[in-house]
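User: I should like to learn how to read the strands and helices of a structure. Please take me through this one.

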Amino acid sequence: MSDVTMEKIVSLSKRRGFVYQSSEIYGGLSGSWDYGPLGIELKKNIQNFWWREMTQLHDNIVGLDAAILMHPKTWHASGHVENFTDPMVDCKNCKSRFRADQIDLTAPCPVCGAKNSFTEPRKFNLMFTTHLGPVQDDSSLLYLRPETAQGIFVNFKNVVNSTRVKIPFGIAQVGKAFRNEITTKNFIFRTVEFEQMEMQFFVKPSEAGKWFEFWKEERIKYYQKLGIHPEHLRFHQHGPDELAHYAIDAFDIQFLFPMGWQELEGIHSRSDYDLRRHAEFSGEKMEYLDQETNERYIPFVIETSAGLTRSVLMALCDAYEEQNLGEGDVRTVLHLHPHLSPVKVAVMAVVKKDGLAEIAQELEKGLREEMTTQLEMTGNIGKNYRRQDEIGTPYCLTVDYQTKEDRTVTIRFRDSMRQERIPMAEAAQRIRAFMKDYTRGQ
Ligand code: ATP
């Protein structure tokens, strides 16, 4: 972590096509970012890993994809219209705006230096609004969802009635959320448009404590499976004044970002708050009938809520290393877990002539059926290796004159820079095995 600064991550992201500033040609839009060719692969890989972990590997979690725009009553019921606010102050001199809880109100304005220039704190609702249809009045007011969770709660009955799920069970969803954040900074850490990976786990009220502990442990293990350094992860329990309006207990999983320990994921014990409120506001019953005991109750909910776009930043920061190879030679390498690497294998030839390019093409074509590949036909091999190191490609395969004789190629490992020869015909199978057994430094 010592090498990593946010400037280096931003610069690498732009240079190699992970993340660009949104609408950059117009000067950019504060708090909005675009994912480039490598960024979208990394983001999808994280999403797929999470989805597999949460749905496929648990027989009691199902998926959902709810709409971003929901009936506006949803947000009254959830408490967001009333409570989803941050305290905000303005500098009367330069008009800069700050979150009152993130600034010393007795100090001069950090932008213009004016003294005693802050307004009284005011509540600022973080939800973006829009209108449905051509008439823009209160009756057509809609909100861009500030969390994906409510899409799950309003579908609770649908899922229970249309599937065979039985409590305890979970509903998982990945999708966009929008928050009109007063201050957006630190690159993609805090943005106005972002993606969440949420799972709401419905349990018997008396078992909420047990399942809360279960999910805390499961979720921290997930980050370790992703190859994140355990020493860059920790829990932080919310104190009484930090708890969200719906929570009875909450832990954050924090990651050691370049700017310090910050939240990556929230694990919340939400009681029956959401289902009870939706029952009140909609008039629909949200009770669950336990077929075995004949008990009826409104389930309690344990939520695991992770930021997908924030996880992209985590993955980049955790993987980044500037490695000193001696004599002033420094290589930048992303030690991404191969599951996350945008490109799994790069294929190249030492020279393009004498039929070597064709062999490399043939090899790459065979591999692309089952993994993301890149064919490197220009530049010298050393430079290509360095370029692939910088984007986190775990394996490079190089075709040379010996390949023509014995159909073997060199495999070069990103982390250790070790090289060995393997039969071309076994490349896919070998790489699959290396990926499965990967440990950092391989
Ligand atoms: P904060 O206190 O930092 O504003 P929060 O506690 O309100 O965040 P949650 O509502 O628990 O965040 O959201 C769950 C997850 O969604 C967070 O852990 C984070 O990873 C992600 N997230 C929340 N807000 C943003 C944002 N503005 N930009 C990017 N990711 C976000």
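This is a predicted model: local features need pLDDT of at least 70, side-chain atom pairs count only at pLDDT 80 or more; totals for chains, interfaces and linings use all residues.

User: How many bridges pair β11 and β12, and in which sense?

Analyst: In general, strands of a sheet pair through backbone hydrogen bonds, either parallel or antiparallel. Here β11 and β12 pair in the antiparallel sense over five bridges. Two strands count as paired if DSSP finds at least two bridges between them. Strands (E, at least two residues) and helices (H or I, at least four) are DSSP runs, numbered from the N terminus.

User: How many bridges join β12 to β13?

Analyst: Nine bridges join these antiparallel strands, and Phe-255 stands opposite Gln-262 in β13. β12 and β13 form a hairpin with two residues between them.

User: Is β12 mostly covered or exposed?

Analyst: A residue is buried if 20 or more other C-beta atoms lie within 10 Å of its own, exposed if 12 or fewer, and partly exposed in between, with C-beta atoms placed from the backbone. By that criterion β12 is mostly covered, with seven of its nine residues buried.

User: In what order do the strands of the sheet lie?

Analyst: The open sheet has seven strands in the order β3-β9-β10-β16-β13-β12-β11, with mixed pairing. Its edge strands, each pairing on one side only, are β3 (61–63) and β11 (233–237). Within the sheet, β10 (residues 193–203) and β16 (residues 300–307) pair in the antiparallel sense over eight bridges, and Val-203 stands opposite Phe-300 in β16.

User: Which strands does helix α7 touch?

Analyst: Contact requires C-beta atoms, placed from the backbone, to lie within 7 Å. Helix α7 (residues 208–225) packs on the sheet and touches β10, β11, β12 (249–257), β13 (260–271) and β16. Axes are lines fitted to C-alpha atoms, for helices over the stretch in contact, and angles run from 0 to 180 degrees between N-to-C directions. The direction of α7 makes about 15 degrees with that of β16. Helix α9 (residues 308–319) lies across β9 (169–178), β10, β12, β13 and β16, running at about 50 degrees to β16.

User: Why does the length of α2 agree with expectation?

Analyst: The expected span of a helix is 1.5 Å times one less than its number of residues. The 20 residues of α2 (residues 37–56) should therefore span 28 Å, and the end C-alpha atoms are 27 Å apart, which agrees.

Technical notes:
Residues are numbered from 1 along each chain as its sequence is written. Two residues are in contact if their C-beta atoms, placed from the backbone, lie within 7 Å.
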